[in-house]
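Keep the sequence and the 3D view open while working through them.

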Amino acid sequence: MRIEVRGISKRFGDFTALDDVTLEVGEGSLTALLGPSGSGKSTLLRIVAGLESPDAGAVLIDGADVTAARPQERGIGFVFQHYAAFTHMSVRENVAFGLRIRKYSRAEVRARVHELLSLVGLTTWAQQLPAQLSGGQRQRMALARALAVEPRVLLLDEPFGALDANVRAELRRWLRRLHDEQGVTTVLVTHDQEEAMEVADSIAVMNAGRIEQVGSPREVYDSPATDFVMGFLGPVSRIAGRLVRPHDVSVSLISSDGAIEAMVTRVVHLGFEVRIELELGSGEPARAQLTRSQTEQLELARGDIVYVRPPQASLEPAASAPLTA
Amino acid sequence: MRVSRRAELSLRAVALLYLAVLLLLPLGVVFARTFEHGFGTAWGWITTPAAISAFWLTVTIAAIAVPLNTIFGIGCALVLVRGKGRGRRLLDTLIDLPFVVSPVIVGLALVLVYGETGWFGNWFLRHGIRIIYAPTGMVLATLFVSLPFVVREVAPVLMEVGDEQEQAAATLGASAWQTFWRVTLPAIRWGVAYGVVLTTARALGEIGAVAVVSSNVAGSTLTLPLLVYQRDSQIGPQAITSAYAAGTELAVMSLIVLLAMTVLAPKGAKTR
């Protein structure tokens, strides 16, 4: 289902969490709300869920205004960062919770719970308590619990934030697969740009209670609307007054028009890629990313003087992109 | 903090000695004196009509006060921890009132309000309801003195559990009432159980406030603690033995409550 957020504002005391935010999430899409902590992304998600109420603005799900509706009435599934598992219930009972509330028959509950537990790969854990599961398993259980009631919209609040890096990466791919199979409109809150790029069809970059840009992962990365978006989506260096991604910096041993002198302070080998840390003539640090063969050709070492230049096709901030996911 | 083996042993010895002198020794003496003329004599003293009446009155008062204070206590803890409105700090302070006010004052206050010459006492009497010098007043006094226990046990547990599980239940479609029964109450059940045990112990043992509002008539308005006190103030060797017998009966009731908690508490539950 389509989600529309219109002119939402929310204050907590003196702190403005959301400032006139408008966003559309297309049916069946997986949209990431990406931003640093305190940017308002979680608050926005909780307002969509009905767990917080906005000071101004409206939330529409499938065209119907649900701003005043309680969470129970919104047809949503919500997954919390710290799982919010029902600690006194077994995995099976956790997943069955929403179905029991909805008075499904015993046989229906059993069938649906079994289906969901196999979907998230927890059938052998059905009788265990959440405390006996690993973090990743607990979060998969929470996802199964949220999906059990066939929500119109799935809302995930930093779902992988409390997990180890390798579990996180695995669950990301799993979530994307799940979304492709189930097709539930999903909104994911994350502060991890890599996670957003990998999982989402569409990214809304948030900063200080506002949405800076909405676009596909490629759009926000290649044509950032603002310096903030550019800086948040990956490492950047400022060269000749322009923000440049390290892999767009060209490095040469020969001076040329528009190039700036820099000294190599460190050469870091990262497998296929090599990161060259530089100090510009102005004393500012900068970064370039080269392939191994490029580095070998240039025979770069610490202390070398090189000439760097931003890419020819300039990366001026793009004209403001439409706020449509 | 790391404690050396020797320091730990001596700390343990001191703690045990302290408990022995203050708790076990006096209790042990009561038990010993109760049975010094044999089990039959002691049994005789706790099966007199007055003693049986006192036993049932004590149990009845506890059976009314404990459920009421449990319901009130859970509700109050929810308001204190989950509530958002103003006045919570005032409520928080008021709940501790029974801890800080002497029970005798509580009894006197009840007399002032519900006694024959009190504010409401006359109205109740005209409608044929006697509160002071009757079991009703004794229930009120017990309610008052045992009020804070459930609140004080449940509130920290509620805080520790947090409200994420409740939010999750709401997003899964549960009403506030369903969430309370299926999620909140199971999560705080050990706090509630401990609060109930403390409330029960206090309700069984309370004497100060109850004494003031009781007419102290054996066979009708004497609870077990009052019976112990009354028998103990009489003169003669029999009086002492009879008092000790009733005292032992009361102690055994409290021990059963304590034992019930130890048995019910989950293994590995946090030590308090």
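What percentage of the 272 residues of chain B count as buried? The share is 36%, where a residue is buried if 20 or more other C-beta atoms lie within 10 Å of its own, exposed if 12 or fewer, and partly exposed in between, with C-beta atoms placed from the backbone.

This is a predicted model, in which local features need pLDDT of at least 70, side-chain atom pairs count only at pLDDT 80 or more, and totals for chains, interfaces and linings use all residues. Residues are numbered from 1 along each chain as its sequence is written, while chains are lettered from A and ligands numbered from 1 in the order in which they are written.

**Exercise 1. Describe the make-up of each chain.**

Step 1. Count helices (DSSP runs of H or I, at least four residues) and strands (runs of E, at least two), both numbered from the N terminus. Chain A has nine helices and 17 strands. Chain B has 14 helices and zero strands.

Step 2. Read off the extents. The C-alpha trace of chain A spans about 75 × 45 × 35 Å along its principal axes. For chain B, the C-alpha atoms fill a box of roughly 70 × 70 × 30 Å, again along the principal axes.

Step 3. In chain A, 42% of the 325 residues are buried. Of the contacts in chain A between residues at least 6 apart in sequence, 64% join residues at least 24 apart. In chain B, residues 24 or more positions apart account for 74% of the contacts with a separation of 6 or more.

**Exercise 2. Find the nonpolar cores.**

Step 1. Apply the definition: a nonpolar core is a set of buried Ala, Val, Leu, Ile, Met, Phe, Trp, Tyr and Cys residues joined through C-beta atoms within 7 Å. In soluble globular proteins, nonpolar side chains tend to be buried together.

Step 2. Take the largest core. It has 95 residues, and A:Val48, A:Ala144 and A:Leu155 touch the most other members. Helix 4 (residues 135-148) of chain A gives the largest share of this core, seven residues.

Step 3. Follow one member. Beyond its neighbours within four places in sequence, A:Leu155 is in contact with A:Leu45, A:Val48, A:Ala49, A:Ile76, A:Gly77, A:Phe78 and A:Val187.

Step 4. Take the second core. This separate core of 56 residues includes B:Leu57, B:Leu110, B:Val213 and B:Leu226.

**Exercise 3. Work out how two helices of chain B pack.**

Step 1. Locate them: helix 2 covers residues 39-46 and helix 14 covers residues 237-264.

Step 2. Take the geometry. The angle is about 80° and the axes are 8 Å apart; axes are lines fitted to C-alpha atoms, for helices over the stretch in contact, and angles run from 0 to 180 degrees between N-to-C directions.

Step 3. Classify the angle. Under 35 degrees counts as roughly parallel, over 145 as roughly antiparallel, 65 to 115 as roughly perpendicular and the rest as oblique. Helix 2 and helix 14 of chain B are therefore roughly perpendicular to each other.

Step 4. List the residues. B:Thr41, B:Ala42, B:Trp45 and B:Ile46 in helix 2 meet B:Thr241, B:Ser242, B:Ala245, B:Ala246 and B:Glu249 in helix 14. By class, five are nonpolar, three polar and one charged. Here Ala, Val, Leu, Ile, Met, Phe, Trp, Tyr, Cys and Pro count as nonpolar, Asp, Glu, Lys and Arg as charged, and the others, Gly among them, as polar.

**Exercise 4. Place A:Glu158 in chain A.**

Step 1. A:Glu158 lies in the loop between strand 7 (153-157) and helix 5 (165-182) of chain A.

Step 2. Is A:Glu158 buried or exposed? A:Glu158 counts as buried because 21 C-beta neighbours lie inside 10 Å.

Step 3. Not counting residues up to four places away in sequence, A:Glu158 touches A:Gln81, A:Val189 and A:Thr190.

Key:
Contact = placed C-beta atoms within 7 Å.
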